[in-house]
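Student: I have just opened this entry and would like to learn how its parts get their labels. Could you go through it with me?

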Amino acid sequence: MKNPSLNARQLADQLLFPGAIDGGLASGVFVQVSSNEESSQFFWDLAPMLEAGGMLVEVIDAANIMVRNGLPRLAQLLRARCGGECAPASGMGELTLADTLADVMHNQSNTLVLLLGGAQRLPGEPGERAMKAIKAARDRINLAPASTGRLLLVATWVLPSNPSKYVENSSSAFYGATAVTLAQSR
């Protein structure tokens, strides 16, 4: 199945003003790009559009969360983006990414968007720690009845990797998410 094509403006519009058929975007959006440079330009274009719409945006490369302290560092970045006080990375060892973000987003009414570059580096198999942690955080925030904030993931996959295989695999962390191909802006 061929992924639909969207450019940064079209995706921003769908994330800011979701329609009835855009429900899969809340599960995550995986955008196939042709290079790391194209991924960077896409985020460079997308981030200000989302911020202008009132969303909080954090950009990170997958390589930065694959290291041993990557998830605590991600939690620290997202906490800072939301205006929460940061605990030192060493003090966050017992807290999960989901715990940290649930605490921060409890008093937050904004949507926090994680723009994750090079997600193809994070394997999609059931045991993949980083993607499972991000999904757990997304579910904990988005599915909590009292939560007014939301967490969205927009990740890029560099060719030849294909994100549709990841979102269509029922054992993957983001099964059911949306896979698209980056279209050139007109």
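Student: Which residue stands opposite V113 in strand 5?

Tutor: That is L152. Keep in mind that this is a predicted model.

Student: What makes strand 4 and strand 5 a pair?

Tutor: Two strands pair if at least two bridges are found between them. Strand 4 (residues 111-117) and strand 5 (residues 150-158) have six bridges, so they meet that cut-off. Their pairing is parallel.

Student: How do you know that strand 2 pairs with strand 5?

Tutor: The same test applies: at least two bridges are needed. Strand 2 (residues 29-33) is joined to strand 5 by five bridges, so the two count as paired. They run parallel, and Q32 stands opposite W157 of strand 5.

Student: What is the order of the strands in the whole sheet?

Tutor: The six strands are ordered 1-6-2-5-4-3 in an open sheet with parallel pairing.

Student: Why are strand 1 and strand 3 said to stand at the edges?

Tutor: Strand 1 (5-6) and strand 3 (56-61) each have a single partner strand, so one side of each is left without a neighbour in the sheet.

Student: Why is strand 5 called mostly covered?

Tutor: A residue is buried when its relative accessible area is under 20%. In strand 5, eight of the nine residues are buried. For the protein as a whole, buried residues make up 49% of the 186 residues.

Student: What makes F30 and F174 buried?

Tutor: Set their values against that cut-off of under 20%. F30 has a relative accessible area of 0%, so F30 is buried. F174 is at 1%, so F174 counts as buried too.

Student: How many aromatic pairs are found in the whole structure?

Tutor: The search finds three.

Student: Why is the pair of F30 and F174 called edge-to-face?

Tutor: Ring centres must lie within 6.5 Å to pair, and planes over 60 degrees apart count as edge-to-face. Here the centres are 5.6 Å apart and the planes are at 65°, so the pair is edge-to-face. F30 lies in strand 2 and F174 in the loop between helix 6 (163-167) and strand 6 (178-182), so the pair ties together parts 144 residues apart in sequence. Together with W157, these two residues form one aromatic cluster.

Student: And why is the pair of F42 and F43 called tilted?

Tutor: Planes under 30 degrees apart would be stacked and over 60 edge-to-face, with the rest tilted. The planes of F42 and F43 are at 40°, with ring centres 5.6 Å apart, so this pair is tilted. Both residues are buried.

Student: Now the helices: how do helix 4 and helix 5 cross?

Tutor: The axes of helix 4 (residues 97-105) and helix 5 (residues 129-142) come within 8 Å and cross at roughly 30°. The crossing is right-handed. Residues making the contact include L97, L101 and M105 of helix 4, and A133, I134 and I141 of helix 5.

Student: Which classes of residue make up that contact?

Tutor: There are 10 nonpolar residues, two charged ones and no polar ones. D99 of helix 4 and R140 of helix 5 are in the contact, and Asp and Arg count as charged.

Student: How many helices and strands does the protein have?

Tutor: Six helices and six strands, following the pattern β-α-β-α-β-α-α-β-α-β-α-β along the sequence.

Key
Residues numbered from 1 in each chain as written. Predicted model: local features only at pLDDT ≥ 70, side-chain atom pairs only at ≥ 80, totals over all residues. Heavy atoms only, no water. Axes fitted to C-alpha atoms, helices over the stretch in contact; angles between N-to-C directions. Helix = DSSP H or I, 4+ residues; strand = E, 2+ residues; numbered from the N terminus. Left-handed = near helix turned anticlockwise from the far one by under 90°. Contact = heavy atoms within 4.5 Å. Buried < 20%, exposed > 50% of the residue type's maximum accessible area, 1.4 Å probe, protein only. Phe/Tyr/Trp six-rings, centres within 6.5 Å; stacked < 30°, edge-to-face > 60°.
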